[in-house]
Amino acid sequence: MERFISKIRQDMELADKIETFCDFRLDDEILDCNSLDYGMTFNIAGLAFGNDGAGGEYILLDDRTVGFCSSEGQCGRIAENITDFFTLITNCYYYCEYLHKELANDPDKLVEFFHRWEEKSREEFNEDYDDDFDTVRMEIGKALGIPVSEEAALQSLQRLYHCLTIEPQFISYCQEDNGDLSPSEPLI
């Protein structure tokens, strides 16, 4: 994890590209996930290291997988390790768009959706930003030393779907006013 974090912290231009393109920013400090000030606890210990623009938190779990807890109360593992995490967010623009059971269960639908989503994302990104979608993706991949290709994207998505099934599931608990603990919903 340290290799990626130090690379991003030392290169503000890279950090800005990752924030814009991958919707990921490093937390100011790495904290025990159970010490976050969200009123939640987690069933698996880990280190919170980054977040998305909507308030979701990325956590490197003790088993070295990467978990995500969304601002909407969904929680789950999304990557087998930190390299797979950065491969996923670089190759799969707004990867949360792929969190649908029908895509996880049907490789043909996944490929079809991937092509449609990539084209739509490319058009919108190129309209909204002064950078080119494919160029930014390649620059991030090169800087982080991760592969960038359709094959890498589809493999990342298959690993994402696998991670969502790893037991025990990664769950957050929110304490209700009456003292009861409510478990999070799964990501898909």
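Modeller: A search of the whole structure finds zero disulfides, a disulfide being a pair of cysteine sulfur atoms within 2.5 Å. This is a predicted model, in which local features need pLDDT of at least 70 and side-chain atom pairs count only at pLDDT 80 or more, while totals for chains, interfaces and linings use all residues. Residues are numbered from 1 along each chain as its sequence is written, and side-chain values use heavy atoms, with hydrogens and water left out.

For Cys92, the closest cysteine sulfur belongs to Cys22 and is 10 Å away, which is too far for a bond. Cys96 is likewise in no disulfide, since the nearest cysteine sulfur, that of Cys92, is 11 Å away. Cys92 counts as buried because its relative accessibility is 1%, whereas Cys96, at 34%, counts as partly exposed. Here buried means under 20% relative accessible area, exposed means over 50%, and partly exposed lies in between, with a 1.4 Å probe and protein chains only.

The charged pairs come next. Side chains of opposite charge can pair when their charged atoms come close. The structure holds eleven salt bridges, each defined as a side-chain nitrogen of Lys or Arg within 4 Å of a carboxyl oxygen of Asp or Glu.

One of them joins Arg25 to Glu19, with the closest N and O atoms 3.1 Å apart. Arg25 counts as partly exposed at 25% relative accessibility, and Glu19 counts as partly exposed at 34%.

Another salt bridge links Asp63 and Arg77, whose closest N and O atoms are 3.0 Å apart. Asp63 lies in the loop between strand S4 (57–61) and strand S5 (66–69), and Arg77 lies in strand S6 (residues 74–79), so the pair ties together parts that are 14 residues apart in sequence. Helices (H or I, at least four residues) and strands (E, at least two) are DSSP runs, numbered from the N terminus. Asp63 counts as partly exposed at 39% relative accessibility, whereas Arg77 is buried, with a relative accessible area of 3%.

A further salt bridge, at 2.8 Å from N to O, brings together the side chains of Asp134 and Arg122. Asp134 belongs to helix H6 (residues 133–144) and Arg122 to helix H5 (residues 107–128), so this pair ties together parts that are twelve residues apart in sequence. Salt bridges that share partners join Glu118, Glu119, Arg122, Asp134 and Arg137 into one network.
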